[in-house]
Amino acid sequence: MEEGAVIKNDMEKAPRTGDWRYMHPEVDASKCIGCSTCVPFCPDACIEMRKRTAEETEKTPENFKEKEIVDFDYDFCKGCGVCASVCPVKAITMRK
Ligand code: SF4
Ligand code: SF4
């Protein structure tokens, strides 16, 4: 391997670490402020930002209407809870 080479993963062959998850993160749409703080902390890179649905937006304070919210890829989330720990507004709860 060359120094500085980028290793590309074939995600179809990647092991589904979510298979052995004990707890999973859930986001409270009315609390998440779309700051993206949790995204780079996830050791499995399985958090993405997405637009809120109309239903989620209805439950959200007016000034957050156009913001994004987190979405978890449960195929790869291993339930470590780091995202819940770093969220500044405690919008993520770990559940069984
Ligand atoms: S629980 Fe861990 S693996 Fe799952 S989304 Fe949060 S930081 Fe990522
Ligand atoms: S879940 Fe918390 S840390 Fe992640 S984007 Fe929402 S407010 Fe920010």
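The questions below take the labels one at a time, for a model that is predicted.

Colleague: Why is the pair of Phe72 and Tyr74 called tilted?
Modeller: The ring centres of Phe72 and Tyr74 are 6.0 Å apart, and rings pair if their centres lie within 6.5 Å. Their planes stand at 40 degrees. Stacked needs under 30 degrees and edge-to-face over 60, so the rest, tilted, applies. The structure holds 1 aromatic pair.

Colleague: How do you know whether Phe72 is buried or exposed?
Modeller: Phe72 has 10% relative accessibility. Buried means under 20%, so Phe72 counts as buried.

Colleague: What makes Tyr74 partly exposed?
Modeller: Tyr74 has 34% relative accessibility.

Colleague: What makes a set of residues a nonpolar core?
Modeller: The members are buried residues of the listed nonpolar kinds, joined through side-chain atoms within 4.5 Å. The largest such core here has 12 residues, including Phe72, Val70, Cys38 and Cys42. Strand 3 (68-72) and helix 2 (82-86) each give two or more residues to this core. Apart from it lies another core, of 5 residues, among them Ala29 and Ile69.

Colleague: Which residues are closest to ligand 1, and which to ligand 2?
Modeller: For ligand 1 they are Cys42, Cys77, Cys80, Gly81 and Cys83. For ligand 2 they are Cys32, Cys35, Ser36, Cys38 and Cys87.

Colleague: How does the shell around ligand 2 divide by class?
Modeller: The shell around ligand 2 has 10 nonpolar, 3 polar and no charged residues. Cys counts as nonpolar and Ser as polar, so Cys32 and Ser36 fall into separate classes.

Technical notes:
Residues are numbered from 1 along each chain as its sequence is written. Chains are lettered from A and ligands numbered from 1 in the order in which they are written. This is a predicted model: local features need pLDDT of at least 70, side-chain atom pairs count only at pLDDT 80 or more; totals for chains, interfaces and linings use all residues. Side-chain values use heavy atoms; hydrogens and water are left out. A residue is near a molecule or strand if one of its heavy atoms lies within 4 Å of it. Buried means under 20% relative accessible area, exposed over 50%, partly exposed in between (1.4 Å probe, protein chains only). Helices (H or I, at least four residues) and strands (E, at least two) are DSSP runs, numbered from the N terminus.
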